[in-house]
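I opened my notebook today to look up a few things in a protein structure, one at a time. Here is how I went through it.

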Amino acid sequence: MNENFSKSSGESEQGSWLEPREDRGSLDLASVPQEPVLNPWDVVLCISGTIISCENAIVVAVIFYTPSLRTPMFLLIGSLATADLLAGLGLILHFVFLYCVQSEVVNLITVGLLVASFTASVSSLLAITIDRYLSLYNALTYYSDRTVTRTYIMLILTWGVSICLGMLPIMGWNCLKDTASCSIVRPLTKNNLVILSVSFFMVFALMLQLYTQICKIVCRHAHQIALQRHFLSTSHYVTTRKGISTLAVILGTFASCWLPFTIYCLLGDYTYPPLYTYITLLPATYNSMINPIIYAFRNQEIQKVLWAACCGCMSSKMSCRSRSPSDV
């Protein structure tokens with residue numbers, strides 16, 4: 001029994017969940033406690049998963065039930081929302097299975113679901129970045145059948161790779177039988193987590209490069225438009241500042257959420273206290289909570305659908321006004 005925060009059947013002493021132990025220092029996502037002790041960090045993760053699920057379920061429902069939101073951009077946003085929705089459900093299921101069901105096989109499946117969903121979430125962010133870059137770089141040919149084909153290819157690659165990585169712990173690449181090979185998150189092996197971490201840094205570097213190019217294109221277009229309209233001092237700098245601030249928020253949020261956990265995955269060891277893993281993992285889950293706000297709820301088309309749905313649920317005595325971009 002390898003539960004980090006409860007008493008095992010072979011122990012003679014009851015240790016604190018903050019104590020580093022030689023053979024049970026990592027965050028255990030696959031153990032089956034005989035006498036589970038409720039861990040407040042697991043409760044926080046479960047609550048976060050509930051909020052994540054509710055937010056992204058709304059986005060998925062809006063895109064699925066709105067025929068006009070079937071463009072490549074919204075398909076990628078829907079992929080991101082689906083991945084984050086599965087991540088939220090995975091956090092909830094992990095809590096339920098850890099303290100209620102107590103099945104090692106089911107917990108392995110839950111871990112695989114979390115790995116696949118978070119991988120798909122990060123990959124969908126990369127796909128959205130690529131789509132935004134191409135929409136500016138190839139503006140004249142963006143609205144063509146080639147773009148639709150490219151979008152489906154990115155979706156297939158995103159979910160194909162994510163599912164394969166999520167299947168690894170289930171197919172046997174885990175450390176249940178070899179504690180020395182464990183990472184900071186059981187039952188993932190150290191090599192498995194290193195591969196995921198290195199892949200994240202590659203994705204982040206590519207996103208940083210693409211958003212840098214996007215910023216240059218936006219600034220150049222704003223400068224050209226401002227020169228044509230003869231008010232460079234106002235329009236150019238306002239548009240440029242707005243574009244740079246938006247890109248800074250996107251990259252800053254992504255980096256601040258994922259970098260702490262990713263760096264700790266490379267530097268940490270399974271003997272380290274689980275508290276460190278929880279502290280770095282929790283912000284990573286918040287990225288799935290923030291994604292709907294950045295990529296979906298700020299979109300005017302999605303706002304119109306949500307506002308129309310809210311108006312439909314209101315009393316007939318309440319007036320429903322249309323929103324302008326200045327209201328957002």
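This is a predicted model: local features need pLDDT of at least 70, side-chain atom pairs count only at pLDDT 80 or more; totals for chains, interfaces and linings use all residues.

**Entry 1: the overall layout**

I then looked up the secondary structure, which comes to 8 helices and 2 strands. Reading along the sequence, I wrote down the pattern β-α-α-α-α-β-α-α-α-α. I also checked burial: of the 328 residues in the protein, 46% are buried.

**Entry 2: helix 1 against helix 2**

Next I turned to the way helices pack. Helix 1 covers residues 40-64 and helix 2 covers residues 72-101. I found that their axes come within 7 Å and cross at roughly 150 degrees. Angles over 145 degrees count as roughly antiparallel, so helix 1 is roughly antiparallel to helix 2. I also looked up the handedness, and this crossing is left-handed. The residues of the contact between helix 1 and helix 2 divide into 18 nonpolar, 8 polar and 2 charged.

**Entry 3: helix 2 against helix 3**

I stayed with helix 2 and moved on to helix 3, residues 104-137. The two pack at an angle of about 160 degrees, and their axes are 8 Å apart. That angle makes helix 2 roughly antiparallel to helix 3. The crossing of helix 2 and helix 3 is left-handed. I sorted the residues of this contact too, and they divide into 20 nonpolar, 8 polar and 2 charged.

**Entry 4: helix 2 against helix 4**

Is helix 2 parallel or antiparallel to helix 4? I looked up the angle, which is about 15 degrees, with the axes 9 Å apart. Helix 4 is the stretch of residues 145-171. Angles under 35 degrees count as roughly parallel, so helix 2 and helix 4 are roughly parallel to each other. Their crossing is right-handed.

**Entry 5: the cysteines**

I reminded myself that a disulfide is a covalent bond between the sulfur atoms of two cysteines. How many disulfides does a search of the whole structure find? My search gave 1 disulfide. It joins Cys 175 to Cys 182, with an S to S distance of 2.1 Å. The torsion about this S-S bond is about 100 degrees, so the disulfide is right-handed.

I checked how accessible these cysteines are. Cys 175 is buried, at a relative accessible area of 0%, and Cys 182 is buried as well, at 3%. I looked up two further cysteines: Cys 164 counts as exposed at 52% relative accessibility, while Cys 310 counts as partly exposed at 40%.

**Entry 6: the salt bridge**

My count of salt bridges came to 1. Which residue forms a salt bridge with Glu 301? The partner is Lys 304, and the closest N and O atoms are 4.0 Å apart. Both residues lie in helix 8, residues 300-313. Glu 301 and Lys 304 are 3 residues apart there, about one turn of the helix. Glu 301 is partly exposed, since its relative accessible area is 38%.

**Entry 7: a peptide bond to remember**

Most peptide bonds are trans. Where does Pro 187 lie? I found Pro 187 in the loop between strand 2 (185-186) and helix 5 (190-229).

Conventions
Residues are numbered from 1 along each chain as its sequence is written. Side-chain values use heavy atoms; hydrogens and water are left out. A disulfide is a pair of cysteine sulfur atoms within 2.5 Å. Buried means under 20% relative accessible area, exposed over 50%, partly exposed in between (1.4 Å probe, protein chains only). Axes are lines fitted to C-alpha atoms, for helices over the stretch in contact, and angles run from 0 to 180 degrees between N-to-C directions. Helices (H or I, at least four residues) and strands (E, at least two) are DSSP runs, numbered from the N terminus. Angles under 35 degrees count as roughly parallel, over 145 as roughly antiparallel, 65 to 115 as roughly perpendicular and the rest as oblique. A crossing is left-handed if the near helix is turned anticlockwise from the far one by less than a right angle, and right-handed if clockwise. Ala, Val, Leu, Ile, Met, Phe, Trp, Tyr, Cys and Pro count as nonpolar, Asp, Glu, Lys and Arg as charged, and the others, Gly among them, as polar. A salt bridge is a side-chain nitrogen of Lys or Arg within 4 Å of a carboxyl oxygen of Asp or Glu.
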